[in-house]
Amino acid sequence: MTDTPTRIYVDADACPVKDEIYRVALRHGVPVSVVAGNFIRVPQDPLIERIAAGAGMDAADDWIVERVKPGDVVVTSDIPLASRCVKAGADVIAPNGKPFTEESIGMTLAVRNLMTDLRSAGEVTGGPRSFSPRDRSAFLSALDQTLRRIQRRRADQAATHQG
């Protein structure tokens, strides 16, 4: 983990929990990069920056992956982006609160690819279930716990380096 502060990166184009991210980030004093393909409205706060990454197919994803590092948090429901960020050492959380980890990302990516193949072959697989208040609550809890875990890890590392 580096000495730079934790940052939250938000894959913002279809993120249903932006307001929750802002609340938790401000409470913890953690800067947020809200990354979208085009302009997106964000609160006027020095901790929150808006990034218009461009309209390219994976412009926002690439922007995040180029900057994310261990000790950062990424919020996305984009499984390929989650995989890239997990490989970079970041903590990754879906808007429903589900963490993407090194242990889970391989299977999650395989299931996503299988469902994509089935849909392209004409299978009707249905879409994702609708976002619920329970998902929002689970996300708030997961983000808060993740930030606390990162802060503890950093404090432990600092204590180890001093003593």
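Valine 74 stands opposite valine 92 in β5, within the contact between strand β4 (residues 73-75) and strand β5 (residues 91-93), which pair in the parallel sense over three bridges; two strands are taken to pair if DSSP finds at least two bridges between them. The model is a predicted one, in which local features need pLDDT of at least 70 and side-chain atom pairs count only at pLDDT 80 or more, whereas totals for chains, interfaces and linings use all residues. Residues are numbered from 1 along each chain as its sequence is written, and side-chain values use heavy atoms, with hydrogens and water left out.

The pairing of β4 with β5 belongs to an open sheet of six strands, ordered β3-β2-β1-β4-β5-β6 and mixed in its pairing. Strands of a sheet pair through backbone hydrogen bonds, in either a parallel or an antiparallel sense. Strand β1 (residues 8-11) is joined to β2 in the parallel sense over four bridges, and tyrosine 9 has serine 33 in β2 as its bridge partner.

Strand β2 (residues 32-36) is largely enclosed by the rest of the structure, because five of its five residues are buried, where buried denotes under 20% relative accessible area, exposed over 50% and partly exposed the range in between (1.4 Å probe, protein chains only). In a regular strand the side chains alternate between the two faces of the sheet. Both faces of β2 are covered, with Val32, Val34 and Ala36 buried on one side and Ser33 and Val35 buried on the other.

In the protein as a whole, five helices and six strands are found, helices being DSSP runs of H or I of at least four residues and strands runs of E of at least two, numbered from the N terminus. Buried residues account for 40% of the 163 residues. Of the contacts (heavy atoms within 4.5 Å) with a separation of 6 or more, 51% come from residues 24 or more positions apart.
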